[in-house]
Amino acid sequence: MMTFCFTGIRSLPKFWKSNPYLSVGPGHSYFSLFLKDYCGIRNQQKWFSLKAVSPQNTKAVNLLIAKARYLRKGDEGSNQVSSDSHLFAAGAAKKRSQMNTHREDHALPPVRNTIQLPTRPLNSEEWDKLKEDFKGKANFESWIISQMAHCHSSIDVAKSLLAWVAAKNNGIVGYNLLVKYLYLCVFHKHISEVIDVYEIMKARYKRLEPGGYTLLIQGLIHSDRWKEALLLLEDIKKVMIPSKKNYNDCIEGALLHQDVNLAWNLYQELLGHNLIPMLKTLKAFFDFGKNIKDDQYSNKLFDILLYLRNNHLYPGESFAHSIKTWFESVPGEQWKGQFTTIQGSGQCSGCGKTIESLHLSPEEYEFLKEKIMRDVIDGGDQYKKTTPQELERFQNFVKCCPPFDIVIDGLNVAKTFPKARESQVLLHVVSQLAKQNLQLLVLGRKHMLTQHSRWRKDEMKKVQKQASCFFADNISADDPFLLYATLHSGNHCKFITKDLMRDHKACLHDAKTQRLFFKWQQGHQLAIINRLPGSKITFQHIPSYDTVVQTTGDSWHIPYDEDLLERYSYEVPTKWLCLHRKT
């Protein structure tokens, strides 16, 4: 094996660049981006300063010098959206996007690397040659260590890079390089190297930035010095609230070393900061509780399941398996679990029990109606583009009409088939619904009444004969009117639009109201799934049950995410874990 050595290292300060901040230079800016990608740091507004302290840890430096010497998925079937699924079913949005055959991909072509990453440690001459061949504009050392971290290169290759940098810079190695080396150590679970870098950082710097702390905590929890990760957590608290990943790693470390009380205390501390825990954190508690007969511990796990319910969270497939395993492992409880689906009627295919209805109670409906009227329609909706006078005109219009059965977003529905004439599409939809003796309201814009190649006056007159119509100013948004008319008509009224109302949901300021709005939306929004204009209109299935964790005491039903199915945030899972206690 080749031998490498850091030369010219007389003291620890020379080994490091003296710059105490990470915000200087393009390499450091890229480092911040790297930490966001690899260390789980998100939306951190404050950064720790890097302050030198005296004196250096000579033993740690010697250790590092000595070590430097030796060196997913896709559905290939039909893109047709099934009427058996519903608008908010997991994977439905993906299928809808695949059905759009006219979409063009404007993604930029990938940048080709001018050099290949080394697969073995290099000597000084080889590194010099590699740098000469590098044609990029970025700093070579920063670029190569970033690529090595991205590709999870071996520790030995990274060590040879650090040795080469130190040799040509009078023993100076930048913080950027060392922290990315630390990332590789953590990724490859080289715990002894993690501890060595930790000793150097502890000796050289009084404080680190969040990404450095995150890596050290993640690495230390697997060592016999795991409790020092808690000291790092305390250092973070002096400046900011630790991230949920920081708490997750410390909780996993406590459970790994059998300190369950500490783990629960950290979990409560995390919740106290109003942080949403990582699902892997919750999974760790279920994995730890396997085969344990402890009513107090069991009640805490039940509380976690209720937390999932109250916060509209769904476990992943692996987490669902952990929940099933825990239930079935508790001595004397005789729980039995199975993975299943829910029928359109709302019955569990596994045990036959009926899942909670998606229908809002009268109290919930009135609460939601009042909130939407106040927060979305009457005030505060930053997406609303209308005038108080026009809104008042519309409200008076609605009061003079009988309650509607279906409210139609006319412009949205008319664009269902891009190649067809818009007024013809709208007329076709309205005519089919009018045959069912439904009270209809079509919301549109005034320009829809002007003769145009896309809008024929005779067709729009036929629409007006079969449905009540309100045409707003061309600058106005339809959504506030649609929400108002639907809610004003009563809990039976449905609405038709492809708009998923995410902007308006965001205007609702508390989690309870957002949850009720989504529940109401799932039960009332209709979407057209036809692929050909002129064919009989078919609507996507509206589910009758609520996709949320629920229990009856002797049973639990838990919706979960499949590993290989992409689900957008406004969709819900279609797979369930059914658990029931044997009698």
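Here are a few friendly notes on one helix and several salt bridges in this predicted model.

1. Let's start with helix H16, which covers residues 317-329. Its 13 residues reach 18 Å from the first C-alpha to the last, close to the 18 Å expected at 1.5 Å a residue. Buried residues in H16 include Phe319, Ile323, Trp326 and Phe327, and Lys324 is also among them. The cover over these buried residues includes helices H14 (279-288) and H15 (295-310), along with strands S1 (335-340), S8 (555-560) and S9 (575-581).

2. On to charges: the model has 27 salt bridges by the rule used here. One of them joins Glu333 and Lys293, with N to O at 2.8 Å. Glu333 sits in the loop between H16 and S1, and Lys293 in the loop between H14 and H15, so this pair ties together parts 40 residues apart in sequence. Both ends are partly exposed: Glu333 has 21% relative accessibility, and Lys293 has 48%.

3. A local pair is found in helix H18 (residues 388-399), where Arg393 and Glu390 are 3 residues apart, about one turn of the helix. Their closest N and O atoms are 3.5 Å apart in a salt bridge. Arg393 is partly exposed at 39%, whereas Glu390 is buried at 4%.

4. Lys519 and Asp546 also form a salt bridge, with 3.8 Å between the closest N and O atoms. Lys519 belongs to helix H24 (residues 511-524) and Asp546 to the loop between strands S6 (525-526) and S7 (550-551), so the bridge ties together parts 27 residues apart in sequence. Both Lys519 and Asp546 are buried.

5. Finally, have a look at Glu199, Lys202, Arg225 and Glu228, which are linked in a salt-bridge network.

Technical notes:
Residues are numbered from 1 along each chain as its sequence is written. This is a predicted model: local features need pLDDT of at least 70, side-chain atom pairs count only at pLDDT 80 or more; totals for chains, interfaces and linings use all residues. Side-chain values use heavy atoms; hydrogens and water are left out. Helices (H or I, at least four residues) and strands (E, at least two) are DSSP runs, numbered from the N terminus. The expected span of a helix is 1.5 Å times one less than its number of residues. Buried means under 20% relative accessible area, exposed over 50%, partly exposed in between (1.4 Å probe, protein chains only). Contact means heavy atoms within 4.5 Å. A salt bridge is a side-chain nitrogen of Lys or Arg within 4 Å of a carboxyl oxygen of Asp or Glu.
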